Amino acid sequence: MLSSTRPTRRTAARTLQATAGAAAVALALTACGAAEGSEGGSEEDGPITLKVATFNDFGYTDEMLAEYSEEHPNVTVEHVKAATTDDARSNMTTKLAAGGEGLADIEAIEVDWLPELMQYPDLFTDMADPELDGRWVDWKVQQATTPEGKVIGYGTDIGPEAICYRADLFEKAGLPTERAEVAELLGGEDATWEDYFAAGREFVKESDVAWYDSAAGTFQGMVNQLPAAFEDPETGEPKDLGENTEVKDIYDEITASVDDDLSAGLEQWGDDWVAGFQADAFATMLCPAWMTGPIEQNSGGIEGWDIADVFPGGGGNWGGSFLTVPASGENTEAAKELAAWLTDPAQQTKAFESAGTFPSQLEAQDSEAVQSFTNPFFNDAPVGEIFSTRAQKIDGAPYKGANYFAIRDEVTNALNRVDITKSTDAEESWAEAVEKAAALG
């Protein structure tokens, strides 16, 4: 979020807990079969209430939703927010497994849930609409489209990544502080992860502050740049983690940086991480557009944050969400109409201004409102321009199959054992991840 505080968007959230573990969800959804819903809900049907379930802050203000009701006098919109993506995911999958009863008319989902949910397309309304062709960046639409061509969600935001940094801490360590200079320090147009970690080693020599916040968070940004990190796109089958040299190379690079004291050893979204913003615990972090909100929220009273228009390895996308319409709803057509309105470029521009959620709509990205938007908290950084530039560097969406979430979490757990609990060394922790990933089946 740019002009107001915004709770965290937990894109790197853990797999569901015992009540809704990945395997249990898959079995339950298979058992319940397709949900049956109504295609009612047109304006001729009389007054209706449409519930929209989101998590954290999508930028959907009360004023925005009231505007829709003014345009559709028979429709009352009720907005229900879950505190975190964990809560929203657990609620949605549990209710889907029970046939969909109790779900909202519109359910927001995170991109990393898609591979699992796409296995059960009959539980969702087909949202394909020729009139909306060309609204979104192509790869965003592809993420929510089944092989048979069914669209199960309309895109809201995307997460083009830059680097957020504490200019005041850079200055104390004798490093450049201006955005353009920092971008060059980190490698400029040809920035690599080696450049990023090398700058970190230079920084920690002159400072008691860590370079970045979290090994697992950094891994998320790096692994998102792999075309197919954990599964074979041709078959959907999991790769043997023990033979997965691409992921292991990333793991080795991060754990080496942990050994060199570059990491603050914090778990993103945890209490210590939140407190770390006030305690000058780290000087940089990977910064998808939506992360500007949590940084501002957690850094109240702290000055010095800025954003460099650079990202190691080229372009990167972390996160992004969709609005789905469960097939079990009583007003699926009306809900689909509201979802289309909420993801219209005009509304997504307002959401960006409210919550920092960078729009996936081409018209919104090119709008003057987005292009000229600045963020006072980040030293008046031209965030609209920066994240537009970073969005243009995204080549497309990586392949994420049904096993992605669970396998990635095993690698994340391995990093946390090295970075946070320090309960084992890097090689032993990797071996444990390989063993647990193989046991997933």
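**View 1. Cys164 is joined to Met285 of strand E6 by a bridge.** The model is predicted; local features require pLDDT of at least 70, side-chain atom pairs count only at pLDDT 80 or more, and totals for chains, interfaces and linings use all residues. Residues are numbered from 1 along each chain as its sequence is written, and side-chain values use heavy atoms, with hydrogens and water left out. Strand E4 (residues 154-166) pairs with E6 in the antiparallel sense over five bridges; two strands pair if DSSP finds at least two bridges between them. Strands (E, at least two residues) and helices (H or I, at least four) are DSSP runs, numbered from the N terminus.

**View 2. Strand E6 (residues 282-288) is mostly covered.** Seven of its seven residues are buried, that is, under 20% relative accessible area with a 1.4 Å probe and protein chains only. Strand E5 (residues 210-212) runs parallel to E6 and is joined to it by two bridges. Thr284 in E6 is the bridge partner of Tyr212.

**View 3. Helices H4 (114-117) and H5 (138-143) each supply at least two residues of the lining of the largest pocket.** A pocket is an open set of points on a 1 Å grid over the protein atoms alone, where a 1.4 Å probe fits, with protein on both sides within 12 Å along at least five of seven lines; lining residues have an atom within 4 Å of a point. The lining comprises 16 residues, of which Met118, Gln142, Gln143, Tyr399 and Lys400 lie nearest the pocket centre. H5 provides the largest share, three residues.

Technical notes. Buried means under 20% relative accessible area, exposed over 50%, partly exposed in between (1.4 Å probe, protein chains only).
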